Amino acid sequence: MEWSFLLVQALSGLASASSLFVIASGLTIVFGVTRIVNFAHGSFYMLGAYLAVTIVPWLLEFDRSPTLFFVGVLASALVVGLLGVAMEMLLLRRIYRVPELFQLLATFGVVLIVQDLVQLAWGPMDIPGPRAPGLRHGVTILDQRFPAYELFLIVVGPAVLALLWLLMHRTRFGVLIRAATQDREMVGALGVNQAMLFTGTLFLGAALAGLGGALQIPRISANAHMDLSVITEAFVVTVIGGMGSVPGAFIAALLIGLLQAFGVLIFPKITLVLVFLLMAAVLVVKPWGLLGRPEAAAGRAVLPEGILDPGRMDWAGKVLAVVALAVMLALPLIDAYAVKVGTEVLIFALAAVSLNFLVGNGGIVSFGHAAYFGLGAYGAGLLVVKAGLPMEPALIAAPIAGGLAAALFGFFVVRLSGIYLAMLTMAFAQIAYAVVFQWVEVTGGDNGLVGVWPSHWAASREVYHYLTAVLTLAAIVFLRRVIHAPFGATLRAARDSAQRADAIGIDVRMHRWLGFTLAGAAAGLAGGLYAFSKGSIDPTLLGIPMSVDFLSMILLGGIQSVLGPVAGAAAFHSLKDFFLPLTDHWRLLLGLSIIAMVLVFPRGLAGAFASLRRRPA
Amino acid sequence: MVDTVLDVTGLRAGYGPAEVLFGVDLTLARGEVAALMGRNGAGKSTTLKAIMGLLTPRAGTVRFAGQEIAGMAPYRIARLGLGYVPEERRIFTDLTVMENLAVGRRAAPPGREAWTPERLFAFFPNLAEMRHRRAGAMSGGEQQMLTIARTLMGNPEAVLLDEPSEGLAPVIVEQMADAVLRMKDEGLAVLVSEQNLDFAAAVADRALILEKGTVRWQGDIATLEADEDIRRAYLTV
């Protein structure tokens with residue numbers, strides 16, 4: 001291998017690192033001040049790109065000058081910054097005090113809304129951008145051609161870092177941001193209007209995301225998938241660098257950029273696995289990232305959110321359960337459509353109960369539960385399609401696949417808590433998604449695999465429905481038993497105060513790890529059943545939208561109750577199945593509904609109901 | 001009552017289901033130093049937090065400079081001229097001394113000389129030598145001085161000072177007492193929560209004793225020093 005080749009490889013690694021830093025710095029600044037992990041940061045990035053492919057060509061009509069190109073890029077960033085201001089004033093301001101899970105979901109609601117709005121405004125096609133005047137040529141470096149624009153990008157990262165440093169240390173606004181990152185309540189007590197500070201921070205953060213997106217247009221076309229792909233990378237950068245730390249984000253972006261550039265040479269197909277290994281290694285040594293610091297609230301007792309007292313089922317609950325069961329069993333009497341929806345409701349009910357086993361009972365807010373659902377589906381599907389095994393062993397393999405993946409990822413996940421944990425679960429899920437998406441020879445890539453059919457005896461919809469009913473109900477009853485058992489109570493104790501649980505001799509990590517694995521196995525079983533009900537598998541089963549569907553289900557059903565998620569799954573899936581064919585804007589509808597739910601019932605529907613009932617006289 | 005700067009009546013507050021204050025009544029005169037005393041858990045810090053708006057009062061009125069402030073956001077209360085120095089100090093450890101002071105800076109009301117870092121360094125000479133040091137790298141006593149200086153940068157008319165002597169070496173405690181007396185010389189009213197009677201006696205004109213979330217006794221600090229029975233009833237452990 002020649003030196004010149006390695007040099008060019010390093011340079012392109014630096015160029016991606018630089019772009020990644022510009023985006024991640026905005027995310028980390030916004031988190032530092034507002035303590036909200038803004039999912040919509042990826043949407044701001046995407047909007048930056050779409051605005052730039054609209055504004056820049058228009059400007060270049062007047063004069064193909066480098067100046068106008070960069071004026072267009074900066075104008076796009078500014079417009080995105082203003083959209084950030086709008087988001088802060090309309091939404092974030094109302095949710096600073098609600099639990100983290102709801103904050104994450106609300107900002108994800110914005111992601112869904114922006115996806116639909118972007119499609120409305122710019123259409124479904126990718127839009128290529130113009131190349132930058134004056135930077136269109138290649139530069140010869142040691143006999144290798146290297147694009148001048150990439151060289152320019154290498155400079156942008158350090159320049160943004162320097163400008164941010166000046167802003168943070170030489171302006172009152174910057175000093176206030178740094179102070180608020182540490183203790184925003186004290187900043188308020190000193191007479192600083194936090195609302196203005198937060199709005200300003202969102203402007204800065206969103207503008208950085210917009211700048212990152214606008215700068216990409218000569219390299220990649222503006223497309224509808226930019227938001228979620230970049231947010232994952234930005235999450236990984238901020239987790240590795242330490243959340244809230246701008247220099248940490250810079251170091252982490254460099255590490256990842258170079259790792260990907262050189263990783264391609266050594267393991268061409270699995271650079272993502274390298275990123276995963278890097279993240280895992282950093283988190284084992286420094287759980288709060290390279291330059292991060294432990295959250296002040298970590299380990300401290302919090303007001304419990306979730307299942308308080310699993311209790312016995314009262315007579316009303318029993319009647320309801322029997323009626324629900326009877327309806328499920330009687331569905332074949334109606335029609336085939338009812339059976340299809342019923343089977344899926346049962347499957348999603350198991351997935352939702354397994355997720356709430358973590359969220360409501362364990363306080364482990366997993367944002368990537370679809371990974372275990374999807375890996376269960378792939379575990380079963382691959383055995384049938386590639387190994388030619390029948391359904392029965394495949395259905396045994398499904399929970400094993402989900403459980404093993406959960407054990408592997410969970411080993412790292414349970415070292416963290418709160419928002420860090422949520423981001424890590426999501427990053428792991430995205431890595432699993434990317435592996436399934438990229439490993440075309442085995443998984444069929446984007447198209448997935450077809451031919452995942454049940455065994456002959458279970459081939460009819462009705463029989464398969466009953467098979468699903470038996471397996472999902474058995475698993476749900478089992479999870480309910482675990483919640484009632486001492487193991488479940490121990491998880492609740494660790495949820496309410498990890499420190500106190502530790503102090504009375506509970507191995508918190510071990511319990512959480514076992515709980516995480518168990519929930520992954522249950523989700524895996526649900527995934528396996530889903531694969532056979534559809535006859536096919538594809539990567540969307542592991543995607544973030546699927547994880548968010550699960551979270552919406554438990555939110556709707558109430559994370560405070562053991563079996564509420566069953567009702568949530570039934571309501572959510574029936575509504576989705578009903579509305580999806582009727583509207584082109586399901587995401588808009590879902591996004592608005594999630595936000596409305598967070599704003600109107602910040603403690604969940606069941607929480608609102610329970611507080612009505614429990615209100616002291 | 002023209003010279004009353006802070007007037008609290010029937011203040012109730014608490015954390016979640018736990019009630020801490022059951023109707024606190026107190027007043028602070030312009031330019032006066034009053035000591036809010038009482039045992040651990042009596043509600044001293046909670047009273048100051050509730051006045052400052054860091055804890056939303058559940059009932060009662062809080063009037064500052066003639067204006068009702070109960071339920072206002074803390075930053076509005078601070079802008080009216082009420083300063084707050086928290087018990088845990090809560091300095092910004094990543095910021096330098098000068099930057100910490102910059103966060104607290106607010107314009108002085110017309111007709112009053114504004115606090116500047118230089119004036120405060122004359123006040124707290126220790127801080128002058130470390131103006132560019134990271135606040136996290138300072139000793140507890142220096143941090144306590146910084147947190148007071150930071151609040152004074154807002155040019156308040158009255159200051160709520162929460163347990164300034166707690167956990168400090170005796171020599172530093174003396175400096176703190178000096179600082180409070182000099183604040184009084186500058187015309188500031190100070191409500192200082194304190195467990196240490198010697199410190200209270202050194203700085204305050206008047207004492208209020210809290211027990212179980214209400215004011216049980218108030219009077220001259222000299223009376224309190226002389227009366228063993230009151231001290232035994234409300235202060236000694």
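This is a predicted model: local features need pLDDT of at least 70, side-chain atom pairs count only at pLDDT 80 or more; totals for chains, interfaces and linings use all residues.
Colleague: How do I read a strand label, and which way do S3 and S9 of chain B run?

Modeller: Labels count DSSP runs from the N terminus: helices are H or I with at least four residues, strands are E with at least two. Strands of a sheet pair through backbone hydrogen bonds, either parallel or antiparallel. Here two strands count as paired if DSSP finds at least two bridges between them. Strand S3 (residues 33-37) and strand S9 (residues 206-211) of chain B run parallel, joined by 4 bridges.

Colleague: And what do S9(B) and S10(B) form?

Modeller: A hairpin, with 2 residues between the strands. S9(B) and S10(B) are antiparallel, over 6 bridges, and B:Ile209 has B:Trp217 in S10(B) as its bridge partner. In the turn, B:Lys212 has a positive phi of about 50°.

Colleague: What is the strand order in the open sheet of 6 strands?

Modeller: In chain B the order is S6-S7-S8-S3-S9-S10, and the pairing is mixed. Strand S6 (82-85) and strand S10 (214-220) are at the edges, each pairing on one side only. From one strand to the next the twist averages 20°. At the S6 end, S6(B) runs parallel to strand S7 (residues 158-162) of chain B, with 4 bridges, and B:Leu82 faces B:Ala158 in S7(B).

Colleague: Which helix lies across S6 and S7 of chain B?

Modeller: Helix H6 (residues 140-152) of chain B does, running at about 165° to S6(B). Such angles run from 0 to 180 degrees between N-to-C directions, with axes as lines fitted to C-alpha atoms, for helices over the stretch in contact. Contact between two residues means that their C-beta atoms, placed from the backbone, lie within 7 Å.

Colleague: There is also an open sheet of 4 strands; why is one side of S2 and of S5 in chain B left without a neighbour?

Modeller: That sheet has the order S2-S1-S4-S5 with antiparallel pairing. Strand S2 (18-29) and strand S5 (67-68) of chain B stand at its edges with a single partner strand each, so one side of each has no neighbour in the sheet. Strands S1 (residues 4-15) and S4 (residues 59-64) of chain B share 5 bridges, with B:Val8 opposite B:Val62.

Colleague: Where do the chains meet, and how many residues does each give to the contact?

Modeller: Chain A gives 18 residues and chain B gives 22. On the side of chain A, helix H6 (residues 172-189) gives the most, with 12 residues. That side of chain A has 9 nonpolar, 5 polar and 4 charged residues (nonpolar: Ala, Val, Leu, Ile, Met, Phe, Trp, Tyr, Cys and Pro; charged: Asp, Glu, Lys and Arg; polar: the others, Gly among them).

Colleague: What ipTM and pTM does the predictor give the complex?

Modeller: An ipTM of 0.93 and a pTM of 0.86. Chain B averages a pLDDT of 92, and 99% of the residues score at least 70; pLDDT is the predictor's confidence in each residue, from 0 to 100.

Methods: Residues are numbered from 1 along each chain as its sequence is written. Chains are lettered from A and ligands numbered from 1 in the order in which they are written.
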